[in-house]
Each structure stands twice: as C-alpha cells, then as structure tokens.
Amino acid sequence: MAVLAEAKVKEEGVNRIPVTIFDQEYILKGAEPPEYLQALAAYVDRKMRQISERCPHYPPVKVAVLAALNIADELNKIQQDYETLIKLIQEERRA
C-alpha cells in the first residue's frame with residue numbers, strides 16, 4: 001500500500017494526513033478519522049494503478065481523469081440502487 005501512516009492534528013478537529021497516490025505525495029485534511037482518509041487515498045491509488053496497468057502509455061493526468069470517471073460511475077450506480085431500494089421500502093410500507 002502506498003499510503004503513509006502518520007497523522008498530525010494541526011487545527012482543532014482537523015486531521016492532516018500525508019498520503020501517496022500514484023507516486024505523488026499529498027496532504028489530506030479533514031475532520032474524518034485518519035484511517036478513513038488513508039482508505040480513500042488507497043482506493044484512488046488502486047483505481048489509478050488498475051488503469052495504468054491496462055494503459056501503461058497514458059500520462060498520469062489521463063489516468064487520474066479515467067479513475068475519476070470510473071469512481072463517478074460507481075457512485076452513480078450505487079445512488080441509483082439506493083433510490084430504487086428507498087422506493088421499494090416506501091411501497092412496502094404502503095402495502
């Protein structure tokens with residue numbers, strides 16, 4: 001895993017987490033637990049590496065955009081599934 005484990009708290013309630021995504025260092029800041037931020041970074045890194053393995057000649061910017069599109073597609077499908085489940089639950093409650 002390419003994610004560094006050290007977490008520092010600078011601002012009250014805001015974690016600053018150093019991570020590595022696709023061999024680039026970033027500092028993530030957020031109120032979420034450090035483990036959550038690390039998991040997000042690891043997920044993005046994994047997606048980018050999967051694309052890079054299939055298309056090794058693509059530059060990092062193109063890999064990042066394709067990873068973002070893949071993640072957006074996953075999110076959109078999950079949101080559609082969620083909305084379908086909510087409708088089913090509402091219909092079940094009415095019955």
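Which side chains meet in a salt bridge at 3.0 Å, N to O? The side chains of D45 and R49 do so, where a salt bridge is a side-chain nitrogen of Lys or Arg within 4 Å of a carboxyl oxygen of Asp or Glu. The structure discussed here is a predicted model, in which local features need pLDDT of at least 70, side-chain atom pairs count only at pLDDT 80 or more, and totals for chains, interfaces and linings use all residues. Residues are numbered from 1 along each chain as its sequence is written, and side-chain values use heavy atoms, with hydrogens and water left out.

D45 and R49 both belong to helix α1, 4 residues apart, or about one turn of the helix; helices (H or I, at least four residues) and strands (E, at least two) are DSSP runs, numbered from the N terminus. R49 also forms a salt bridge with D23, with the closest N and O atoms 3.0 Å apart. This pair links distant parts of the chain, since R49 sits in helix α1 and D23 in the loop between β2 and β3, 26 residues apart. Together, D23, D45 and R49 are linked in a network of salt bridges. D45 counts as buried because its relative accessibility is 8%, R49 counts as partly exposed at 28%, and D23 counts as exposed at 59%.

A search of the whole structure finds 4 salt bridges. One of them joins K47 to E74, with the closest N and O atoms 2.5 Å apart. Here too the pair links distant parts of the chain, K47 lying in helix α1 and E74 in helix α2, 27 residues apart. With a relative accessibility of 16%, K47 counts as buried, whereas E74 is partly exposed at 25%.

Turning to the strands, β2 and β3 pair in the antiparallel sense over 7 bridges; two strands pair if DSSP finds at least two bridges between them. Within this pairing, T20 stands opposite E25 in β3. The hairpin of β2 and β3 has 2 residues between the strands, and F22 takes a positive phi near 55° there. β2 is mostly covered, with 7 of its 8 residues buried. Q24 lies in strand β3, which spans residues 24-30, and is partly exposed, so described because its relative accessible area is 45%.

The largest nonpolar core has 10 residues in all: I17, V19, I21, F22, L37, A41, M48, I51, V63 and A67. Such a core is a set of buried Ala, Val, Leu, Ile, Met, Phe, Trp, Tyr and Cys residues joined through side-chain atoms within 4.5 Å. At least two residues of this core come from each of β2 (14-21), α1 (34-54) and α2, and α1 gives the most, with 4 residues.

On the surface, V61, V65 and L69 form a nonpolar patch with about 300 Å² of accessible area together. Patches are made of residues with over 30% relative accessible area and no salt bridge, like charges being joined within 9 Å and nonpolar side chains (Val, Leu, Ile, Met, Phe, Trp, Tyr) within 5 Å. V61 lies in helix α2, residues 60-94, and is exposed, with a relative accessible area of 63%.

Methods:
Areas by Shrake-Rupley, 256 points an atom, 1.4 Å probe, with all protein chains shown as cover. Buried < 20%, exposed > 50% of the residue type's maximum accessible area, 1.4 Å probe, protein only.
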